[in-house]
Amino acid sequence: ESYWIEAVSAAFLRMHTRARQRENFHGSLCRQPHGPLALVSVRSVAQDVHRREAHLQRDESAACYLIQQTQAPWTVAQDHRLVELAPGDLVLVDGARPYQFHCPQGVDNLSLELPRAWLDQWLASPPTAQRIDGGHGIGLALRGLLQAGKQLARQRYIAQMAGCQRRCIQGRCPAGRRQFSKATALGLGHPLAQHVGAGARL
């Protein structure tokens with residue numbers, strides 16, 4: 001579990017996670033950059049996530065995240081608000097302030113990382129910890145955007161892995177061959193996709 005905390009903190013922001021089941025823990029994480037933005041896919045067993053003041057002090061900068069839990073209900077707490085979310089709903093979270101996630105039925109979410117400088121061009125005061133209905137209006141459009149991003153990330157990841165594998169097999173990248181073999185053995189994926197976890201897939 002300590003490895004999972006380190007992996008999640010490296011891909012997102014510093015935080016603490018606590019799995020609700022200690023045995024047979026599993027999780028996967030994939031971060032795919034898209035210009036100034038990044039799409040992150042996370043799957044794991046049921047867990048609670050806390051980003052505290054101590055974590056904020058160790059991060060030089062923090063982005064905002066538009067997050068959707070795709071298959072299970074969950075709750076988000078930030079700025080003295082607690083919001084209950086159904087599968088498909090979205091929520092905006094500010095990484096520069098403390099927050100809590102509670103996922104009692106497991107984690108299967110997509111998030112869009114939004115750099116603060118980029119987001120400030122569109123929103124002067126981001127509406128954090130407020131439910132965005134994923135079934136109607138802007139929420140439905142944003143939900144479609146995340147799903148489209150997921151498919152694009154999957155296609156790019158597959159293409160990157162295939163290209164890397166070909167180069168390594170052909171002996172044109174000895175160092176890459178060692179990295180690819182090690183990553184494959186661990187079930188991790190190649191650094192090109194910034195991919196960590198066990199049994200991971202987009």
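Q: What volume does the largest pocket have?
A: About 300 Å³. This is a predicted model, where local features need pLDDT of at least 70 and side-chain atom pairs count only at pLDDT 80 or more, while totals for chains, interfaces and linings use all residues. Residues are numbered from 1 along each chain as its sequence is written, and side-chain values use heavy atoms, with hydrogens and water left out.

Q: Which residues are closest to the centre of that pocket?
A: Leu66, Leu114, Leu119, Leu123 and Leu142, out of 14 lining residues.

Q: How are pocket and lining defined?
A: On a 1 Å grid over the protein atoms alone, a pocket is an open set of points with protein on both sides within 12 Å along at least five of seven lines. A cavity is a set of points where a 1.4 Å probe fits but cannot get out. Lining residues have an atom within 4 Å of a point. Points are joined across faces, edges and corners, and a volume is the space filled by probe spheres set on them.

Q: Which elements give two or more residues to the pocket lining?
A: S10, helix H3 (116–119) and helix H4 (137–169). H4 gives the largest share, three residues. Helices (H or I, at least four residues) and strands (E, at least two) are DSSP runs, numbered from the N terminus.

Q: How does the pocket lining divide by class?
A: 14 nonpolar, no polar, no charged. Nonpolar covers Ala, Val, Leu, Ile, Met, Phe, Trp, Tyr, Cys and Pro; charged covers Asp, Glu, Lys and Arg; the others, Gly among them, are polar.

Q: How many cavities of 30 Å³ or more are there?
A: Two, from a search of the whole structure.

Q: How many bridges join S1 to S4?
A: Four. His16 stands opposite His50 in S4.

Q: Is Ala7 buried or exposed?
A: Buried (under 20% relative accessible area; exposed is over 50%, partly exposed in between; 1.4 Å probe, protein chains only). Ala7 has 9% and is found in helix H1.

Notes:
Pairing = 2+ DSSP bridges.
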